[in-house]
Amino acid sequence: MAAAQPSGPLLEVADLSTHFETSRGLVRAVDGVSLTLDRGKTLGIVGESGSGKTVLSRSIMNLLPKRGVVRSGSVRLEGNEILPLSAKEMRRYWGAQMAMIFQDPMTSLNPVMKIGKQITEAVRQHLDVTRQYANELAESLLASVRIPEPHARLKEYPHQLSGGMRQRICIAIALACGPKLLFADEPTTALDVTVQAQVLDLIAHQQAERFMAMVLVTHDLGVVAGRADEIAVMYAGRIVEHAPTGVLFANMKMPYTEALLASIPKLDEHSHTRLATIPGRPPDLVIPPPGCKFAPRCRYVQERCVQEEPPLTAGAAPGHEFRCWFPVGTPEGNEALARNEREGRVPQAAALAGHA
Amino acid sequence: MAGTGSIHLRAGDGALLRVEDLVVEFPIGHGGEAVHAVSGISLDVLDGETLGIVGESGCGKSTTGRAVMQLPAPKSGSVRFDGVELTSLHGEALRRVRPRLQMIFQDPISSLNPRRRVREIVREGLDIWEMGDKDARNAKVDEVLDAVGMDPANGARRPHEFSGGQCQRISIARAVVTEPKLIICDEPVSALDVSVQAQILNLLEDMKHRYGLTVVFIAHDLAVVKNVSDRVLVMYLGKACEIASPDDLYEHPKHPYTGALLAAIPVPDPTQHPDEERVLGGEVPSPIHPPTGCRFRTRCPKSQERCALEEPVLREVEPSQYVACHFPLEAGEQIDFARVGIGASIDVASDGDGSTP
Amino acid sequence: MPCSIPGFVVPERRPSPRGGAPGPGTGGFGGPGAPADAIRRDEADPSSLAFEGDAGLLQVDAVAAGPEGGRRRLGQGLNVTAWVAIAWMAFIVLIAVLAKTGLVTWGDPQNSIASCASKGPFAQGGSAPGHLLGCDSIGRDMIARLALGAWESLLVSVGAITVGFVIGGGLGIIAGYFGGFVDTVLSGMFNVLLSVPAIVLALALVAFLQGSPENAANSTLPDWFVLILAIGIVSIPLVGRISRASALSWSQREFVLAARAQGAKSGRIMIRELLPNVAPAMFSIALLGIAIAIVAEGTLAILGVGVRPPTPSWGNIIALDRGLLLTSPHIVFEPSILIFLTALALNYLGDVVRTRFEVRESGI
């Protein structure tokens with residue numbers, strides 16, 4: 001099946017920047033991001049709130065308003081440039097080529113429209129099919145997202161369903177026209193852990209069945225660990241580390257990635273284990289700090305980090321890139337950490353926070 | 001999933017909070033039907049201890065927390081706090097107890113008044129009870145804001161100017177300002193990023209030491225609950241499943257549902273592929289017509305006929321580990337949630353429509 | 001060891017209660033405020049940016065404005081239209097006060113000059129000299145009457161709306177906060193009042209307060225007082241229902257629960273927690289309400305129960321000479337234009353107030 005597809009990657013993003021004009025100045029929400037995604041693969045985008053991960057996925061989808069947004073760079077879907085397209089022209093792509101699942105299944109569904117209608121609307125907008133056929137398709141879609149009694153559900157309203165069921169409906173709507181690329185923006189953050197596992201399994205299942213590529217946006221490295229082929233870690237609007245999943249977890253180079261991973265509570269740790277935290281907050285994107293954007297919060301920080309921004313450099317493993325002068329696990333990194341510990345230096349943000 | 005037992009309650013007067021056979025129901029319509037939110041929960045929390053309550057949405061864990069606060073008062077059962085029976089108190093007498101019993105909520109947006117300044121929000125408890133003069137109150141607010149890692153100089157700002165994590169810090173400051181003995185934390189980190197979650201969990205631990213707090217910590221993520229708790233109560237559909245120390249729960253879960261909760265936690269390790277068989281299927285049944293017998297039987301792979309007919313009662317299966325299950329897990333037993341046991345679909349009498357809504 | 005490199009600070013080490021991994025638990029404050037929220041906001045409300053249009057952009061803008069956002073001075077950032085509306089209202093209020101106090105006079109509103117009767121500003125054969133806006137049907141100066149009429153109209157409308165908002169708003173908050181039986185009783189009361197047509201209710205109230213038409217002349221209550229009560233009472237159920245709905249939705253918020261958990265009494269919760277959230281929206285509705293009340297007084301005047309002649313109000317100027325609409329249109333048009341412009345200005349200001357006080361909290 002893959003052989004029948006045209007060659008080249010499905011999605012190519014080159015030097016994409018998205019800046020918002022605000023009363024305070026230009027907010028550099030996404031700054032020079034490049035990435036590619038092959039058919040059927042999953043890219044995990046990981047970062048804190050304010051890292052620009054959501055804006056990035058919406059920029060690629062071309063979902064941002066035109067006014068007050070400054071964009072540059074290129075987004076190619078199967079070789080076609082889509083960044084300059086108007087909303088009207090994008091309608092050919094939305095739903096049919098690329099679809100999105102949002103964090104909050106309640107607000108992304110229309111509360112006063114029956115579920116069946118919401119799905120058939122999406123179908124009939126893109127496919128020239130009869131109402132009858134659309135209804136049948138909707139029912140089979142609901143069955144495919146493992147909703148019990150799909151026929152009865154078609155006539156219900158979103159508020160009659162649980163959060164997990166609503167997210168399944170959103171997935172069904174996103175899948176309705178067979179997109180090649182699915183954006184899942186924190187699809188399980190609003191859900192219970194048990195339901196999260198169900199929903200992620202479901203998405204993975206559908207993805208494999210439809211040979212669909214996916215961008216999975218999340219703040220939790222644990223969510224993408226077993227499910228993404230490669231992971232891009234974002235910080236302050238930039239990709240700070242990008243690697244195949246196995247490489248990233250086995251050999252992470254960026255102190256930020258290390259800190260994100262360390263802050264997850266682990267089941268095999270004893271209770272009352274003090275969690276590692278990242279002090280401070282992401283930087284002001286209007287006046288970002290010079291040098292490495294993570295330097296004010298970094299345990300490895302050295303003089304060079306605050307003066308000079310590290311470029312995205314390739315690591316030893318193929319496909320591994322990171323932005324750091326003193327990477328984790330390297331002699332320079334170890335030396336930097338040891339020196340900071342020896343001299344009692346802590347990151348600026350930690351010192352500010354520790355004013356007590 | 002019965003748990004209508006109280007064998008796990010510890011003897012003696014050490015318990016700061018002792019809840020017995022708590023029942024909370026919300027009537028719906030006029031047909032006499034009711035949502036059985038909490039159906040006979042017993043728990044106790046010793047002075048200085050942290051009790052974790054864990055379960056899925058709709059299991060009644062938040063309702064339990066609010067019923068302890070008498071907001072609203074439970075339908076029946078006993079809530080003894082610091083030697084006082086709260087359910088017997090009303091009006092002014094109940095109000096007098098309030099500053100010693102505080103609550104932190106899940107939603108940092110909803111739990112702070114957007115119109116009021118941070119300083120006013122934190123000082124409110126002191127103002128209500130007229131604790132100290134104006135200077136003393138302001139000094140206390142400064143101290144508490146500082147303790148939660150907020151710069152008191154920002155006290156004149158309003159909540160919307162802060163991030164979710166910072167708002168949660170403000171909520172914590174508001175809760176500790178009256179120096180309560182017990183704090184009920186209702187999913188305090190569920191709305192936060194992982195990195196911020198770690199900050200708040202550490203902060204709660206610091207506050208506990210600094211102000212000598214006893215904590216009831218409610219969450220749906222067992223990994224989070226494990227980190228903060230001394231003892232964990234697993235709840236399902238208004239009933240207790242298992243009560244044990246967090247390390248015991250993790251080492252050898254006895255209730256199939258505890259096993260399911262553990263299996264659902266995403267592991268940040270790509271070599272451990274998520275195993276679909278270990279993911280609990282289905283949904284929580286309707287609390288209006290809960291299943292007979294064990295309430296978990298409709299999703300349980302181990303369920304037998306007995307589970308539909310007879311409600312299991314909490315019993316001690318290991319030292320200090322209590323489980324309400326007829327067929328508890330053996331050591332190291334792996335359960336396959338892809339199939340469901342024969343006790344799942346048994347209809348008993350007229351009350352058999354408790355399956356997935 | 002002190003360290004001078006920017007980006008480093010050497011703090012005093014603090015003992016950590018739990019020991020173990022580094023990283024102060026109190027991290028998280030100290031970063032420059034806004035931008036994190038800026039992005040967070042759209043993450044919290046994913047639908048907002050998904051559509052073309054202002055909504056998404058406004059949100060980003062709103063947050064990026066960040067800490068300064070809440071500290072704007074009152075007049076800052078108003079557009080020209082808003083300033084024109086404010087200027088108009090100031091002008092009307094000034095004229096009314098001057099006319100009432102007699103500090104500045106534009107002639108005697110009661111002095112009728114027969115020769116000028118019904119003459120408009122552009123009447124053929126020369127306008128009434130000295131009467132810029134002409135005279136009414138019995139030759140009284142229109143400017144003098146409109147100025148004094150402004151006082152009566154504003155007094156009645158502002159007074160009525162104040163009555164309506166204090167009583168209706170208060171009852172609405174009580175109904176919304178307590179719910180249950182209290183809500184049933186109060187909402188029932190509102191509904192009963194609403195089921196009577198407003199104008200009939202107002203007429204009945206005026207008649208009740210002033211007594212029968214024969215006794216009306218001897219009534220001890222001044223007209224403006226009677227009208228304030230009548231129009232105010234009519235507005236109570238309308239206002240009450242709006243404030244009840246608003247109070248009800250704010251009551252569901254957890255900060256109200258938090259206040260109860262702290263032991264706050266109901267009165268305190270209603271005043272400190274609910275009122276500040278309900279009031280801004282109510283205030284903008286009140287501004288619109290004033291415009292409606294001015295018109296309502298005019299309607300009552302036409303029905304013969306408004307401010308009674310010879311005291312002028314905008315409404316009774318129209319009412320008295322509405323028969324001359326074809327021959328001397330200026331008598332009706334002049335007060336009508338004033339009512340129209342005033343209503344327009346208040347309407348616009350109501351919108352401005354509403355948008356300015358809207359709390360941006362969607363995605364903290």
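Helices (H or I, at least four residues) and strands (E, at least two) are DSSP runs, numbered from the N terminus. This is a predicted model, in which local features need pLDDT of at least 70 and side-chain atom pairs count only at pLDDT 80 or more, while totals for chains, interfaces and linings use all residues. Residues are numbered from 1 along each chain as its sequence is written, chains are lettered from A and ligands numbered from 1 in the order in which they are written, and side-chain values use heavy atoms, with hydrogens and water left out.

**Exercise 1. Describe the make-up of chain C.**

Step 1. Chain C has 12 helices and one strand.

Step 2. Read from the N terminus, the order of elements is β-α-α-α-α-α-α-α-α-α-α-α-α.

Step 3. Buried means under 20% relative accessible area, exposed over 50%, and partly exposed in between (1.4 Å probe, protein chains only). By this rule 49% of the 364 residues of chain C are buried.

Step 4. A contact means heavy atoms within 4.5 Å. Of the contacts in chain C with a separation of 6 or more, 71% are between residues 24 or more positions apart.

**Exercise 2. Describe the fold of chain B and its overall dimensions.**

Step 1. The secondary structure of chain B consists of 10 helices and 12 strands.

Step 2. The radius of gyration is taken over C-alpha atoms, and the globule rule is 2.2 Å times the number of residues to the power 0.38. Chain B has a radius of gyration of 21 Å, close to the 21 Å that the rule gives for 357 residues, so it is as compact as a globular protein of that length.

Step 3. The C-alpha trace of chain B spans about 65 × 50 × 40 Å along its principal axes.

Step 4. In chain B, 63% of the 357 residues are buried. Residues 24 or more positions apart supply 70% of its contacts with a separation of 6 or more.

Step 5. One local feature is a cis peptide bond between L71(B) and P72(B), with omega about 0°. P72(B) sits in the loop between helix 1 (61–68) and strand 4 (76–81) of chain B.

**Exercise 3. Characterise the interface between chain B and chain A.**

Step 1. Chain B contributes 53 residues to the contact and chain A 49 residues.

Step 2. Buried area is the accessible area (1.4 Å probe) that two parts lose on being put together, summed over both. For chain B and chain A this is about 4200 Å², with 53% of it on carbon and sulfur atoms.

Step 3. A salt bridge is a side-chain nitrogen of Lys or Arg within 4 Å of a carboxyl oxygen of Asp or Glu. Between chain B and chain A there is one salt bridge: R274(A) pairs with D206(B), the closest N and O atoms being 3.0 Å apart.

Step 4. Helix 6 of chain B gives the most to the side of chain B that touches chain A, with 10 residues.

Step 5. Nonpolar residues are Ala, Val, Leu, Ile, Met, Phe, Trp, Tyr, Cys and Pro, charged ones are Asp, Glu, Lys and Arg, and the others, Gly among them, are polar. The side of chain B that touches chain A divides into 24 nonpolar, 14 polar and 15 charged residues.
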